[in-house]
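Please keep the sequence and the 3D view open while reading.

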Amino acid sequence: METHNFSIEFFPPKTDEGAEKLRVVRQKLAELRPKYFSVTFGAGGTTQQGTLQTVLEIKSEGHDAAPHLSCVGGTRESLRTILQQFQDSGIRRLVALRGDLPSGYGGGGEFRYANELVEFIRKETGDWFHIEVAAYPEMHPQARSPQDDLQAFARKVQAGANAAITQYFYNADAYFDFVDNARKLGVDVPVVAGIMPITNYTQLMRFSDMCGAEIPRWVRNKLASFGDDSASIKAFGLDVVTSLCERLLAGGAPGLHFYSMNQAAATTAIWQRLVK
């Protein structure tokens, strides 16, 4: 695994208690020596300040960290200010996204798509940042077709992205097919696989419905059959996700990006199985 691009994602805590809990989680996950930690933001770019604070704290602990940056509802001026803050703080890695629309959002903002954000970052800051963008092996939920979605991905890379992180998925073939089709379009950046550990059936169903990630029928049925038996859900989830990671790495995925949900146990358990 040392040769792979292995990273872990957090969301910025909303309370002092949450911040303290995340410090403990981070300490445990840092023992796995990921390449970097990334930190998300809320819908419409909210919590961007919390994102920066969390990233700076991670950096102060001696780890590389990448803030997520959203362009929805943002202006050139507001984004210029944030980019300057990042540069002043010595941040060299960014995850550039369009971002989710906040509820009741009626449009506006100077950027509509992530490729416009990537282009803007490059224009403003040259090669200062290593830019990661999102990829959707099972298609972005708002895309018209898989082909449209691939074209949108290609535009982000052409605008200057260095690499991509995928939405999570449980079907390895969807990932390999997406990468093959991207290569046919001449897109040759590394596409790191996004991994969501399975620890809670209800939560997983809710997230997957929102983001369009497919849970294979056999996995869904098995999870449902466990009812409230959380130990069985976690044990089965660990088997399913570890097996997925093994297949991805064996098939040439350049790395794994774990959606930790600010928890340490599941990511650590998968990692320990992979490095055996």
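This is a predicted model: local features need pLDDT of at least 70, side-chain atom pairs count only at pLDDT 80 or more; totals for chains, interfaces and linings use all residues.

At 0% relative accessibility, T51 counts as buried.

Since 6 of the 6 residues of β3 are buried, the strand is largely enclosed by the rest of the structure.

Strand β2 (residues 36-39) pairs with β3 in the parallel sense over 3 bridges. Strand β4 (residues 93-97) runs parallel to β3 and is joined to it by 3 bridges. Here H68 has V95 as its bridge partner in β4. Together with helix α3 (residues 76-88), strands β3 and β4 make a right-handed β-α-β unit.

Between α2 and β3 (65-70) there is a loop, and G62 has its place there. Is G62 buried or exposed? With a relative accessible area of 65%, G62 is exposed, as the cut-off for that class is over 50%. G62 and A30 are 32 residues apart in sequence, and their C-alpha atoms are 9.8 Å apart in space.

Helix α2 also takes part in charged contacts. The side chains of E57 and R23 meet in a salt bridge, with 2.5 Å from N to O. E57 lies in helix α2 (residues 48-60) and R23 in helix α1 (residues 16-30), so this pair ties together parts that are 34 residues apart in sequence. E57 is partly exposed at 25% relative accessibility, and R23 is partly exposed as well, with a relative accessible area of 29%.

E57 forms a salt bridge with R26 too, where the closest N and O atoms are 2.9 Å apart. R26 lies in helix α1 and E57 in helix α2, so the pair ties together parts that are 31 residues apart in sequence. R26 is buried, with a relative accessible area of 2%. These residues belong to a network of salt bridges that links E20, R23, R26, E57 and E61.

How many salt bridges does the count come to? The count comes to 12. One of them joins R273 and D239, whose closest N and O atoms are 2.7 Å apart. Because R273 lies in helix α10 (residues 265-274) and D239 in helix α9 (residues 230-250), this pair ties together parts that are 34 residues apart in sequence. R273 counts as partly exposed at 34% relative accessibility, and D239 counts as partly exposed at 42%.

The next topic is the aromatic rings. A pair of aromatic rings is described by the distance of the centres and the angle of the planes. A search of the whole structure finds 11 aromatic pairs. Among them is the edge-to-face pair of Y168 and Y259, at 6.5 Å centre to centre and with 65° between the planes. Y168 lies in the loop between β6 (163-166) and α6 (172-184) and Y259 in strand β8 (residues 255-259), so the pair ties together parts that are 91 residues apart in sequence. Y168 is buried, and so is Y259.

W218 and F236 have ring centres 5.8 Å apart and planes at 85°, so this pair is edge-to-face. Since W218 lies in helix α8 (residues 217-225) and F236 in helix α9, the pair ties together parts that are 18 residues apart in sequence. W218 counts as exposed at 55% relative accessibility, whereas F236 is buried, with a relative accessible area of 10%. Elsewhere, ring pairs link F6, F258 and W271 into a cluster.

R92 lies over the face of W128, at 3.8 Å from the ring centre. The charged end of R206 sits over the ring of F207, 5.5 Å from the centre of that ring.

Conventions. Residues are numbered from 1 along each chain as its sequence is written. Side-chain values use heavy atoms; hydrogens and water are left out. A salt bridge is a side-chain nitrogen of Lys or Arg within 4 Å of a carboxyl oxygen of Asp or Glu. Helices (H or I, at least four residues) and strands (E, at least two) are DSSP runs, numbered from the N terminus. Buried means under 20% relative accessible area, exposed over 50%, partly exposed in between (1.4 Å probe, protein chains only). Rings of Phe, Tyr and Trp (its six-membered ring) pair if their centres lie within 6.5 Å; planes under 30 degrees apart count as stacked, over 60 as edge-to-face and the rest as tilted. A charge sits over a ring if NZ of Lys or CZ of Arg is within 6 Å of the ring centre and within 35 degrees of the ring normal. Two strands pair if DSSP finds at least two bridges between them. A crossover is right-handed if, with the strands pointing away from the viewer, the path from the first strand over the helix to the second runs clockwise.
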